Amino acid sequence: MKRFFCCLLILGIFLGFAPAFGEDTIKIGALFSVTGPASFLGEPEKNTALMLQEQINARGGVLGKKIEIVIYDDETDVNKAVLAADKLLKRDNVIAVVGPTTSGNTFAIEEKFEKANIPLISCAAAEKIVKPVKKWIFKTPQSDRYAAIKILKHIKERKFSKIAIITVSDGFGQAGREVLKEVAPTLGLEIVADEVYGPKDTDMTAQLTKIKNTPAQAIVCWGTNPGPAVIAKNRVQLGIQTPLYMSHGVASPKFIELSGSASEGILLPAGRLIVADEIPDKHPQKPVLVKYIKDYETKFKSPISTFGGHAWDAIMLVVKAIEMGRSAKPADIRANLEKIRNFVGTGGVFNFSPEDHNGLDERAFEMVVIQKGDWKLVK
Amino acid sequence: MELASYFQLLLSGITVGSIYGLTALGFTIIFNTTGIINFAQGEFVMLGGMLAVFALKGFKLGVLPSIFISVVVTTIIGAAIERITIRPVRGGAVLNLIIATIGVSIFIRGVIMFVFGKDTYGFPQFTGDIPLTFWGVAIMPQSLWVIAVTVLLLLWLFFFFKKTIFGKAMLACSHDRKASYLVGISVNKMVLASFAISALVGAIGGAILTPITLTSYDVGIMLGLKGFSACIIGGLGNPFGAAFGGIILGILESFGAGLISSAYKDAFAFFILLVLLFFRPTGLLGLSKIERV
Amino acid sequence: MSGFKKDGLSVFCFVLLLLAVPFFLTNVYYINTLTLSAIHAIIAVGLNLLMGYAGQVSLGHAAFYGIAAYTSAILTTTYGLPIPLGMVIGILLSGFIAYIIGIPTLKLKGHYLAMATLGFGVIVYIFFNETIELTGGPSGFRGVPRLALFGFTFESDLSYYYLTSLTLAFIIVLSLNLINSRIGRALKAIHTSETAAQVFGIPIAKYKLFVFVISALYAGLAGVLYVHNLSFVAPSSFGFNFSVELVTMVVLGGMARIWGSVIGAFFLTILPEFLRFFENIEIMLYGAILIVFIIFMPEGIAGSIVKIFAAWRARKSDV
């Protein structure tokens, strides 16, 4: 019997600890994959959010109030994303949420935002996030569709007609695979091999051996680290000379670090952030890119990645929407986001509308090649 | 598929299989001396790789010195585990022992995750990464290193157990603990040594494979399980069975992934494990001490 | 007080406590945490019957939790079956698979049993991940309807909490009865000495299988409660890590102590909410708990509390 009173005591102590919130700030939620397989995407996103919070508050905040960005780490895990989304919506009562980092996590939490009438500005790439358009869901990265089109058009320009695709079995990879399979025939390209690998696989020689035995003239790999790095290395190990294209999912220094010399010659579509120094000065994005790179690299002493840029775009868009409507109410933010035109961000120049919740197209990408461990524009 | 591709699959299978074999060997050594299945065996392999990366990147040492340090540290950790967590529960219920070794395995993983994060790490292959090709098959030099080191380790262990007094004493313990004690063998020391040697063998395996497969804080679980499967394939308690079982498992996995489905690759090992445990727990080579109800 | 009356009073106090707690919470969000704790407690109690009373280990129990959850999710969402039916089928499927797997597995002992259950758990996890058309794969399965019984939908978090905690109370009563019955005594005999139990004519294999299936059914019940609450399910909830968490709950709370499992489950589910840095130390902490408790406190929190009070009462009566 006495153990009950003990249980009661223990339970009581825990519940008494519930932390209290609530000052007069504008609370924006952020959900990033700071740890886990997508950490090379999420960590720069988190850093960018912290940097922006500081910068914005230093210049007086938004509408005279300070902003507080409540950041949770979903550890690249779908379940943790769902639980964190609940926390942001029910416990922290935020007015908008930026993130998540990955497409899979975005799909998992979308409905909550539709139900709660709070805008979600995702930093994930899958086109399905905004197509078909959902009232409260937006995204900042360029769509995988345009990345695929960019890659396939480049392959076509080289007069190739047969390609092999190798994709990862997660949300991002499967979305990419669907888009590639849809677009390739329209450009007259035949997919002669369609391989899949798991997110935690450490050896893809089996799949590459299969591809080696097909007449493929180019290989398109769709995934995020570490898989593509392993594939890059396996390709060299097997002595395969076929050109290798990657998705924009590897547009970060970590990919080059993990694949080492195997990254030489790999082509991919990427936002202008990683080749900012080669962008002509009169391009509208140049000043934004240069400032972001300078601020980020000074503060965090590490190179930028395009993914941190997606977070910059998302947060600045929310701020712009609040300022445009002079209101921090979720419904107003949502309505004003749809009205934003010609917003110069790191990912591109955004033009939103009720039908377009991404605001970017093919022009947001540049074709990039990795040479001597660095990104170079393909001229 | 061309013949060369079959050889390619066979080769990757043997490479990975060598590590399964080394892990299985670690299981066997501890099992033979103490009757315990050490659930933390996979973590020794993980530590071999992770600590080598740390020494390489953190202290800027060369590849070989890093591996040396990581193997030494892991061996010490193995011995420490025996002293601190295994010895107190050794006489007790089997359930408690299982929980103790699981607890250890999780704790090690947790510490590594805490200190190094969840990222994947790698380090360069020993003699560069240009593959050698002949007859259409590409062999990474690292694969040859893995196979060579594994064979050397096996030979050393064979020599150790058959020819040295210490090794023979450990074997004696596995046959009959009481009798060994009576003839003056310090059973405690033998048990400690078995953990240390298993850690050593596991760490070496982990370190030499990392340039090929990369490493992270959670590679230990799968490796441990597959190592155990290898033990069962070869017959638990039989060191050659363990090594042999590992190679077989690696080859089966490689062909399974290449010919059937790469998605279910990991499931093969466990499926084989379950089938063997249910129908032929003495393994393909016999000699095992599995108890049944 | 007789054992039976003591148990009855305990359950009564427990139910009162559970019903009252929501009024003391400062933030409505925490009700969900309590609901999840109750769900975990249901599995933990079942696992305890297996580990603490029957002395068998299972390192793959998350699989039974997941099988029921996914089954009910798929049947009610993709195939539009009524929710109660989906739930029942899910639970029964878990039990059935436990029966099939149990027959060969429970013939093994000690470590081999542990490895076999581990392997089984991993296979099920891989299955959830790879059968994308059926389960949605790693991205999970969405749109599962909220639990509704006899026309009433448990839409609010509070109503769900009451449903789950009352279910937990019911499970506790069921388990206490089981332990105090002939079956319970047979289990204790098996745990103490299988040979002696056999000599007494107890059909060991049958009893072990029975408890294994019961523990799977409990896990299945928890699984269907879980999925119709979250409306979402993904493989990562059902992996090896969660199986370990369950074992930790049982060890922490005290093996062979039903209330211990409840304590363990609530403690380990609530704890992460209050430790900001918990994610970093989570795995380390579970490992440390297992090691420390198995060496120094194998009877767990509940067992220790009982021991302390018994010693205190003994000293009192010495006066």
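## Contact between chain C and chain B

Two residues are in contact if their C-beta atoms, placed from the backbone, lie within 7 Å. By this criterion, in the predicted model shown above, 39 residues of chain C are in contact with 38 residues of chain B.

Four helices of chain C each supply at least two residues of the side that touches chain B: H5 (110-130), H10 (204-230), H11 (240-253) and H13 (278-296). Of the elements of chain C, H5(C) provides the largest share of this side, with 13 residues. By class, the side of chain C that touches chain B divides into 30 nonpolar, 6 polar and 3 charged residues.

## The two domains of chain A

Chain A is assigned two domains. Domain 1 covers residues 26-142 together with 287-362, while domain 2 covers residues 145-270. The centres of domain 1 and domain 2 of chain A, taken over C-alpha atoms, are separated by 28 Å.

Within chain A, 19 residues of domain 1 are in contact with 19 residues of domain 2. On the side of domain 1 that touches domain 2, the elements giving two or more residues are helix H2 (39-58), helix H4 (103-116) and helix H11 (306-325) of chain A. The largest share of that side comes from H4(A), which gives 3 residues. The side of domain 1 of chain A that touches domain 2 of chain A is made up of 9 nonpolar, 6 polar and 4 charged residues.

## A parallel strand pair in chain A

Strand E6 (residues 162-168) and strand E7 (residues 190-197) of chain A run parallel and are joined by 7 bridges. In this pair, A:Lys162 stands opposite A:Glu190 in E7(A).

Strand E13 (residues 366-371) and strand E14 (residues 374-377) of chain A run antiparallel, with 4 bridges between them. A:Ile370 stands opposite A:Trp375 in E14(A).

E13(A) and E14(A) form a hairpin, and 2 residues lie between the strands. In the turn, A:Lys372 has a positive phi of about 50 degrees.

Methods. Residues numbered from 1 in each chain as written. Chains lettered and ligands numbered in written order. Predicted model: local features only at pLDDT ≥ 70, side-chain atom pairs only at ≥ 80, totals over all residues. Nonpolar A, V, L, I, M, F, W, Y, C, P; charged D, E, K, R; others polar. Domains from an automatic or database assignment. Pairing = 2+ DSSP bridges.
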